[in-house]
Amino acid sequence: MARTCSICGRSSLNSIRRSHSNIAIVNKQRLNLQTLLRHGRRVTACTSCIRREMKRLKDLTPVT
C-alpha cells in the first residue's frame with residue numbers, strides 16, 4: 001500500500017535538512033494518513049481531506 005491519499009492523490013515530499021556544518025541530509029516528509037470508511041469502502045485519506053469532508057457534511061445537515 002503506497003503512502004498516498006486515495007482522495008486527493010497527495011504523497012510524501014522530499015526536503016533537505018542542514019546541519020551546523022551545512023551538510024545536506026535528505027528528509028522525507030510524510031502525510032498524516034488515516035484509515036476511514038467512505039461509501040462502504042476502507043480508504044486511506046490525509047487529514048486535510050477528512051476535515052474538508054467533515055465541513056462539507058456539516059454544511060449539508062439542517063440546523064434546527
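The largest pocket is lined by Ile7, Leu36, Leu37, Arg38, His39, Ala45, Cys49, Ile50, Glu53, Met54, Arg56 and Leu57. A pocket here is an open set of points on a 1 Å grid over the protein atoms alone, where a 1.4 Å probe fits, with protein on both sides within 12 Å along at least five of seven lines; lining residues have an atom within 4 Å of a point. This is a predicted model, in which local features need pLDDT of at least 70 and side-chain atom pairs count only at pLDDT 80 or more, while totals for chains, interfaces and linings use all residues. Residues are numbered from 1 along each chain as its sequence is written, and side-chain values use heavy atoms, with hydrogens and water left out.

The volume of the largest pocket is about 180 Å³, taken as the space filled by probe spheres set on the points, which are joined across faces, edges and corners. By class, its lining has 8 nonpolar, 1 polar and 3 charged residues. Helix α1 provides the largest share of that lining, 6 residues. Helices (H or I, at least four residues) and strands (E, at least two) are DSSP runs, numbered from the N terminus.

Let us turn to two of the lining residues. Leu37 belongs to strand β3, residues 33-38. Leu37 is exposed, at a relative accessible area of 66%, whereas Leu57 is partly exposed, at 42%; exposed means over 50%, buried under 20% and partly exposed in between, with a 1.4 Å probe and protein chains only. Leu57 sits in helix α1, residues 47-60.

Methods
Ala, Val, Leu, Ile, Met, Phe, Trp, Tyr, Cys and Pro count as nonpolar, Asp, Glu, Lys and Arg as charged, and the others, Gly among them, as polar.
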